[in-house]
Amino acid sequence: MDTTAKLALLADAAKYDVACTSSGIDRDARMGALGNATAAGICHSFSADGRCITLLKVLFTNVCVFDCAYCASRCSNDVPRTSFRPRELADLTMEFYRRNYIEGLFLSSGVLKSPDYTTERIIECLRILREEYGFRGYIHAKAVPGTSSDLLAALGLLADRISVNMELPSSESLALLCPNKTRDSIVAPMRQIREGIAEDRDTRALMRRDACYMAQRRPARKTRAFAPAGQSTQMIIGATPETDFQILNLSSSLYKTMHMKRVFFSAYLSVNEDGRLPQGNAVQLDREHRLYQADWLMRFYKFDAAELIDEGQPFLATDIDPKANWAINHLDRFPIEVNTAPYEELLRVPGIGVRGAKAIVGARRATALGEAELRKLGVAYKRARFFITCRGRYQGHGTRFDKESLHAQLAAPIQAGSHGRRSGKVLAGQMSLFDGIG
Ligand code: SF4
């Protein structure tokens, strides 16, 4: 199979991996080397259903000795198989980079022979890129569960971000659908990555302070940092019966204990006939979308999972976003006065984001804020007005201040497949690397 045919097959097989977004790492270009990376994000595009696709997003191989029930590349499927050679993929990446098609590489893989054999091939590819070709662009590599710790350590020194997929939200579901993976084989590499990142950061901090007693541990100058863009993971939603309550609590704990940069959710997409899987083709994109909103609230708005969801009502509402839902269930906390409320309280108002709350805190030092000023500051006034007063006057006049009336005002049903930035541009299913988005 020639390289173009391999690319078509392996890029298409990689579209189920959603765990790729911005790089989160700043690195300048350098004389004699090629490429740079910016924290603002590497070049990425979005699929029809809102998923982020980073170019070049590809599998190293779709040959796999594992048999995960939901996966198109599982060993029990009769599908065309192929693998890149390490240098072939490194060359392809460089060719794309030089032509400005891509700004980084997202590399996942099936399990070729064994986790270690696969990881050795991936490491060789990344080594060629980094050491022979001087590639300084962003690289996100997947770690295969079961990879030995020394290979994982080597991978972390070549990739910017590493991710180990959580796959499913509970050990029972993992045992049911991924017979070759165990919770330990997933959590152990996560722990190792977390510790590698922390140790690397500590060592470098001590070096910066010129701590002489660290001299024997001092990395040679220009040695790469260990996974400087951190680690992320991904869970499939809707293939197994776990609730949003379980999923959000698990992701909250992953942020806290594994210091994840991101936890990605992937609505289950039916590609195999298998009695262990849900019947029918319904893709729970609305659920995935609400989970991302809740995840955002936990990461940037200081919400705790317990504030967003409880065991008594274990699924997020689909007709109203989680922040608005929290607000209408805590009306005793509202309305708040925008000219005096603390930043943390402003963050809790539907329609006021992190940027808006910061802008309000800055602007109100100079003037008392009203509707016109809030609109100028970028606040979604139409939503926020039900929860605020400006100079003592309630802004939500015309609507009763009770749960039902506010719910009716704030409900925003998601149209499956067309939410977010692609609203109105509905394409069938997921895009492949070769589809247009226009
Ligand atoms: S390890 Fe599982 S999910 Fe990954 S390619 Fe193989 S069968 Fe698919």
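This is a predicted model: local features need pLDDT of at least 70, side-chain atom pairs count only at pLDDT 80 or more; totals for chains, interfaces and linings use all residues.
User: How many helices and strands are in the protein chain?
Analyst: Helices (H or I, at least four residues) and strands (E, at least two) are DSSP runs, numbered from the N terminus. Counted that way, the protein chain has 15 helices and eleven strands.

User: Is serine 109 buried or exposed?
Analyst: Serine 109 sits in the loop between strand E4 (104-108) and helix H3 (115-132). A residue is buried if 20 or more other C-beta atoms, placed from the backbone, lie within 10 Å of its own, exposed if 12 or fewer, and partly exposed in between. Serine 109 has 27 other C-beta atoms within 10 Å, so serine 109 is buried.

User: Which residues does serine 109 touch, not counting residues up to four places away in sequence?
Analyst: Two residues are in contact if their C-beta atoms, placed from the backbone, lie within 7 Å. With residues up to four places away in sequence left out, serine 109 touches Leu59, Phe60, Thr61, Thr118, Ile122, Lys142 and Val144.

User: Is lysine 113 buried or exposed?
Analyst: Lysine 113 is also in the loop between E4 and H3. Its phi is near 65°, a positive value in a residue other than glycine. Lysine 113 has 12 C-beta neighbours inside 10 Å, so it counts as exposed.

User: And is glutamate 167 buried or exposed?
Analyst: Glutamate 167 lies in the loop between strand E6 (161-163) and helix H5 (171-177). Here phi is near 70°, again a positive value in a residue other than glycine. Because 23 other C-beta atoms lie within 10 Å, glutamate 167 is buried.

User: How is H2 oriented to H3?
Analyst: Axes are lines fitted to C-alpha atoms, for helices over the stretch in contact, and angles run from 0 to 180 degrees between N-to-C directions. Helix H2 (residues 86-98) and H3 pack at an angle of about 40°, with their axes 8 Å apart. Angles under 35 degrees count as roughly parallel, over 145 as roughly antiparallel, 65 to 115 as roughly perpendicular and the rest as oblique. The angle therefore makes H2, relative to H3, oblique.

User: Which residues make the contact of H2 and H3?
Analyst: On the H2 side are Pro86, Arg87, Leu89, Ala90 and Thr93. On the H3 side are Arg121, Glu124, Cys125, Ile128 and Leu129.

User: What classes do the residues around the ligand fall into?
Analyst: A residue is near a molecule if its C-beta atom, placed from the backbone, lies within 6 Å of it. Around the ligand are Cys64, Phe66, Asp67, Cys68, Cys71, Ser73, Arg74, Gly110 and Val111. Ala, Val, Leu, Ile, Met, Phe, Trp, Tyr, Cys and Pro count as nonpolar, Asp, Glu, Lys and Arg as charged, and the others, Gly among them, as polar. The shell therefore has five nonpolar, two polar and two charged residues.

User: Which residues does a cis peptide bond join?
Analyst: Proline 335 is found in the loop between helix H10 (322-328) and strand E9 (336-337). With omega about -5°, the cis peptide bond joins phenylalanine 334 and proline 335.

Note on methods. Residues are numbered from 1 along each chain as its sequence is written.
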